[in-house]
Amino acid sequence: MVYRSWMRNQGFGPQVFDGRPVIGIATTWSELAPCNAHLHRVAEAVKRGVWQEGGFPLEFPTLATGETLMRPTAMLYRNLLAMEAEELIRANPLDGVVLLSGCDKTTPGLLMGAASVDLPAIMVTGGPMLNGKYRGQDVGSGTHVWMFEADLKAGRMTQEECYVAEGCMARSNGHCMTMGTASTMACMAEALGMQLPGSATWPAADSRRMEIAQQAGQRIVGLVREELRPSQIMGRPAFENAVRANAAIGGSTNAIIHLLAIAGRLGVPLTLDDFDELARAVPTLVDLMPSGRYLMEDFCYAGGLPVVLRELADGGLLHAGQITVTGRGVGANVAGAQCWNRDVIRALDEPLQPPGSGTAVLHGNLCPGGAVIKQSAASPELMKHRGRALVFDSPEEYHAVSDDPDLDVTADDILVIRGAGPRGYPGMPEVSNVPLPAKLLKADVTDMVRICDGRMSGTGFGTVVLHVSPEAAVGGPLALVRTGDIIELDVPRRVLSLEVPGDELERRRAAWSPPAEPASSGYAWLYTQHVLQAERGADFDFLLGSRGHAVPRDSH
Ligand code: FES
């Protein structure tokens, strides 16, 4: 009676308490997260499917980590979303859960939480925005923001033109429609087998987004009846599929951190080096911004991720038998996938970029824990480069002088931005692709090497070395670099090294003291005390491994 009575205040009749599966719908809807602002409509479609299949759907809110408004960075709160989702799924009497996400951190955050509970789960991402249209051209969210920002600084665009362009970029509901982190993570959820085939790419404004949400609502009831759990779907082969799919789609570097974190929740052994080794045989097939020309709408109409996965399967680059939320292997899911536009999705034997041109993992005395560079977004002529370091202790320190016409900088220098790691900032913001100094932009320089312990937006581009680990704030070698030092970047050899003798580095280390703690209380303090470095997914050390769905003590 306790269970039933209060729930009946919502108008549910007694017949829904007949033992049918109770399906939670974890939504990250919020008007503060514009990429997820339509998810309440997606939830209605999911509910239709759940009812249709004999389940009892109940929608509940989880933390909406919107990328654009949250300060200091939405990444600071990904782990909080994962904790909240985990505890809500476990604490409530649910048999299965549908995960509704959209913006960058909401997809990995919900997957991490669901992995920790390991109840049957299925994901529905909210879909990308329609292609941006500005002056007769397709413009991509994020990617063109950085371009327009550079144009504005260089005097090639007026502020009024910027106002018009920004509206043209965001003309429907949905998440970024470039192959940024949101689109990448939607594809990763599909490649991992956690969302239905084709689900990653339907635009938010397309009626088929609602159709597939309804199908997911139907399917979660089947997953509960079959007791098919995330741990069975997301095994090591599923992560290998996702890593290779990420290389094939030219996906975001942020997927590396998120996949490592999800794997950590499941106890699946996955390392940073796996991303380089597994991707070396995989060419880039999808021609999407920021590395290419097209946008998610084009990818969808060309056949979407199933075509990419089928290409990988045909080339022996997919664990085709790995089970997915359909109850079938991923290979069976995509066996009939056809490509309708070979400009957008290339065939494996006629790729956009050759195998091994995706994200590279670097090692060397500047990054003992590793670092990454997205080769497809970088300038080929900078892949091997030696240059003088120009060092800034924070992104803010750089921004304070970046417009100075007298800044002592040349295009051959290497900008070192530190203090942007998981613990130091805190939250590892997407600041690594800082705009070039105005002095160089005005001289029509379009790229230079930048090195940072932070992240880069998945929509960003440039020759940017990211995720340098250990970060400067915990005393990584990045903390010891001084302006004027010579740094060598050699991507073909996977090397990032600081050409300073060891004894000099030891002297600098002895004189180094850690920066002031960025927080002394509250959630930010908890974060700084427990966050792991980038190569371990920047999850909390106390959240590794799955805790299952049994509540510690059931008083009812
Ligand atoms: Fe939300 Fe890009 S800002 S997906």
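**Exercises on a sheet and an aromatic pair**

Eight strands make up an open sheet of mixed pairing, in the order β7-β8-β12-β11-β10-β9-β13-β14. From one strand to the next, the twist averages 25°. The model is predicted.

**Exercise 1.** Determine how strands β11 and β12 are joined and which residue of β12 is the bridge partner of I451.

*Solution.* 
Step 1. Locate the strands: β11 covers residues 449-452 and β12 covers residues 464-469.
Step 2. Consider the link: two bridges join these strands, which run parallel.
Step 3. Identify the partner: I451 has V465 as its bridge partner in β12.

**Exercise 2.** State which strands helix α12 touches and what angle its direction makes with that of β7.

*Solution.* 
Step 1. Helix α12 comprises residues 272-279 and packs on the sheet.
Step 2. The strands touched by helix α12 are β7 and β8 (370-374).
Step 3. The direction of helix α12 makes about 135° with that of β7.

**Exercise 3.** Classify the aromatic pair of F12 and W51, and explain which parts it ties together.

*Solution.* 
Step 1. The whole structure contains eleven aromatic pairs. In the pair of F12 and W51, the distance is 6.5 Å centre to centre and the angle between the planes is 45°, a tilted arrangement.
Step 2. F12 lies in the loop between α1 (2-7) and β1 (22-27), and W51 lies in helix α2 (residues 39-52), so the pair ties together parts 39 residues apart in sequence.
Step 3. Buried means under 20% relative accessible area; F12, with 17%, is therefore buried. W51, at 35% relative accessibility, counts as partly exposed.

Terms used. Residues numbered from 1 in each chain as written. Predicted model: local features only at pLDDT ≥ 70, side-chain atom pairs only at ≥ 80, totals over all residues. Heavy atoms only, no water. Pairing = 2+ DSSP bridges. Helix = DSSP H or I, 4+ residues; strand = E, 2+ residues; numbered from the N terminus. Axes fitted to C-alpha atoms, helices over the stretch in contact; angles between N-to-C directions. Contact = heavy atoms within 4.5 Å. Phe/Tyr/Trp six-rings, centres within 6.5 Å; stacked < 30°, edge-to-face > 60°. Buried < 20%, exposed > 50% of the residue type's maximum accessible area, 1.4 Å probe, protein only.
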